Amino acid sequence: MTKYIFITGGVVSGLGKGIAAASLGLILEGRGYKVINQKFDPYLNIDPGTMNPYQHGEVFVTDDGAETDLDLGHYERFTDATLSQSSNTTAGRVYLSVLNKEREGGFHGGTVQVIPNITEEILRRMLLSTEETGADIIITEIGGTVGDIESLPFMEAIRQMKYKVGEENSCYIHLTLVPFMKKSDELKTKPTQHSVKELRELGIKPDVIMLRTEHAIDANTRKRLAAFCNVDSSCIIQNLNARSIYEVPLQLEDEGLGSAVCKVLGLKNTPSQLDEWKKMVARFNNPKHKVKIALVGKYVELHDAYLSVVESLVHGGIHNEAEVEIDWVKAEELTDEATCAARLSAADGIIVPGGFGDRGIEGMICAARFARTSGIPYFGICLGMQILVIEYARNVMGLAGANSTEIEKATPHPVIDLMPDQNGKILGGTLRLGKFECAVKPGTLTEKAYGAKTVWERHRHRYEFNNKYREDFAKAGLVIAGVNPERDLVEICEVPEHPWMLGVQFHPEFKSRPNKAGPLFREFVRATVERSEK
């Protein structure tokens with residue numbers, strides 16, 4: 001029978017439950033089990049698709065077009081699984097489903113309540129991944145912190161799960177903070193004790209306690225926590241700070257997390273095969289080169305807004321044995337050519353990632369022009385490709401005022417425009433979302449990177465390259481390197497006679513892996529290394 005692991009958080013938020021859940025997935029996969037991760041978030045938004053990046057960080061997109069929490073990116077990068085709509089559920093989706101059912105008469109006039117109706121819907125969604133994937137183990141992360149009012153229905157649901165699937169098939173892991181008091185030079189366990197007490201008051205007894213700490217936990221502290229929290233001392237696992245997130249699975253395996261979980265669930269505890277992961281971490285820790293890449297964006301104050309892009313650049317660095325230093329550049333500050341030159345001339349490469357709205361657009365266009373005229377490798381993703389197109393239209397083709405209708409509805413040259421079916425008023429879930437096919441033009445940088453005539457990548461956007469200008473761009477020299485064959489939409493543009501200048505309408509960062517870098521990130525970082533070496 002499928003085994004279920006639930007990861008909750010205590011004391012404070014932001015302790016890294018997502019990394020812990022992803023790491024556990026990798027550890028158990030290394031033991032030969034098929035693992036699927038999922039995330040349940042207690043906020044009332046239907047999904048994070050319309051949420052401000054400053055509040056939520058990036059929106060991760062799955063093959064089937066789900067707009068999800070950024071932790072799903074960690075899950076996919078660590079376990080190399082392909083997740084789906086069922087892998088991320090919010091309280092908003094749960095309540096919407098129950099209320100729609102009530103409106104349709106699905107409860108036959110009965111009273112609709114949090115218990116049992118909301119909790120039953122949560123349980124149904126938790127079990128959905130098992131039906132879809134046939135996984136041996138489902139790891140479910142519960143967002144928020146124990147004690148939050150909005151998370152109570154989720155806590156009650158996972159409490160009930162033990163009786164639904166059997167105690168031997170469920171494992172509860174509680175991640176808490178163990179703060180270090182400098183003045184007294186000691187670690188404090190009281191916050192963890194209180195958090196576990198609060199969890200037990202909800203009817204959940206943790207089987208494993210994971211301690212987030214900056215200092216090693218000594219044997220006496222482990223024994224004290226084991227005694228006060230009624231947990232076996234072998235199930236007290238420290239989660240120390242690591243040099244990179246990719247070292248966390250190795251640290252947790254050394255700490256005995258995999259063995260503890262296997263013991264609780266009655267699983268065969270074979271040694272975890274993590275040799276390839278160890279080799280990747282060794283390459284990461286021992287680079288031969290160093291490059292600086294300027295990331296020109298709108299949300300640079302919150303680095304999580306570009307989490308998958310940054311991780312993909314790291315993956316490209318690992319492949320090329322290079323340490324990638326990110327120079328965070330606020331697009332609004334690039335006001336003219338002189339500012340661009342002063343700010344970007346030290347960069348070995350420039351990347352412009354996705355985004356929405358008109359803020360900072362002119363600065364991005366200035367950055368694209370500087371990259372084109374200076375021969376600096378440039379990688380444009382989604383909005384970044386549209387910026388490449390606008391800059392080329394204005395400064396190579398002489399189309400004064402060329403722009404996207406997202407930015408300027410009355411532009412004389414709408415080189416980027418809405419598709420006819422994107423003129424609705426509803427924003428959520430109406431973008432071009434998920435995996436789409438792209439036919440690659442032979443002899444291009446793109447073909448060299450992918451080594452394939454057809455690729456499938458994930459999308460999240462509403463505006464497109466305007467095909468009315470396609471012939472004009474081709475005459476001016478811009479290479480259309482990739483096209484969606486189903487709708488004849490431009491997916492990839494390349495600037496010829498440039499060391500490496502390329503823009504893609506899709507988001508290749510969502511499929512990049514630390515031990516298998518996304519092809520375009522691999523080649524982009526290679527181009528920056530070559531420039532740096534020169």
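Leaving aside its neighbours within four places in sequence, which residues is lysine 205 in contact with? They are Tyr172, Arg200 and Asn230, where contact means heavy atoms within 4.5 Å.

Before going on, a word about the model: it is predicted, so local features need pLDDT of at least 70 and side-chain atom pairs count only at pLDDT 80 or more, while totals for chains, interfaces and linings use all residues. Residues are numbered from 1 along each chain as its sequence is written, and side-chain values use heavy atoms, with hydrogens and water left out.

Lysine 205 sits in the loop between helix H7 (190-201) and strand E10 (208-213). Helices (H or I, at least four residues) and strands (E, at least two) are DSSP runs, numbered from the N terminus. With a relative accessibility of 33%, lysine 205 counts as partly exposed; that class lies between buried, under 20% relative accessible area, and exposed, over 50% (1.4 Å probe, protein chains only). A polar atom of the lysine 205 side chain lies 3.3 Å from the backbone oxygen of asparagine 230. Isoleucine 173 is 32 residues away from lysine 205 in sequence, and their C-alpha atoms are 9.1 Å apart in space.

**Strand E10 and its partners**

Isoleucine 173 leads us on to strand E10, where its bridge partner is valine 208. Strand E7 (residues 170-177) and E10 run parallel, joined by five bridges; two strands pair if DSSP finds at least two bridges between them. Five bridges also join E10 to strand E11 (residues 236-240), again parallel, and here isoleucine 209 stands opposite isoleucine 236. Five of the six residues of E10 are buried, so this strand is largely enclosed by the rest of the structure.

**A three-stranded sheet**

Elsewhere, three strands form an open sheet in the order E16-E17-E20, with mixed pairing. E16 and E20 are the edge strands, each pairing on one side only. Strands of a sheet pair through backbone hydrogen bonds, either parallel or antiparallel. E16 (residues 403-404) and E17 (residues 414-418) run parallel over two bridges, and asparagine 403 has proline 414 as its bridge partner in E17. E17 and E20 (residues 463-465) are antiparallel, with three bridges; leucine 418 is partnered there by tyrosine 463.

**Pockets and a cavity**

On a 1 Å grid over the protein atoms alone, a cavity is a set of points where a 1.4 Å probe fits but cannot get out, and a pocket is an open set with protein on both sides within 12 Å along at least five of seven lines; lining residues have an atom within 4 Å of a point. Grid points are joined across faces, edges and corners, and a volume is the space filled by probe spheres set on the points.

| Space | Volume | Lining by class |
|---|---|---|
| Largest pocket | about 1,300 Å³ | 20 nonpolar, 14 polar, 13 charged |
| Second largest pocket | about 620 Å³ | 15 nonpolar, 10 polar, seven charged |
| Largest cavity | about 60 Å³ | four nonpolar, three polar, three charged |

In these classes, Ala, Val, Leu, Ile, Met, Phe, Trp, Tyr, Cys and Pro count as nonpolar, Asp, Glu, Lys and Arg as charged, and the others, Gly among them, as polar.

Of the 47 residues lining the largest pocket, Leu70, Asp71, His74, Asp304 and Leu307 lie nearest its centre. Helix H12 (307-319) is one of the elements giving two or more residues to that lining, and its six residues are the largest share. The lining of the largest cavity includes Gly355, Phe356 and Tyr463.

How values were computed:
Polar contact = N/O pair within 3.5 Å; in protein donor to acceptor, adjacent residues only side chain to side chain.
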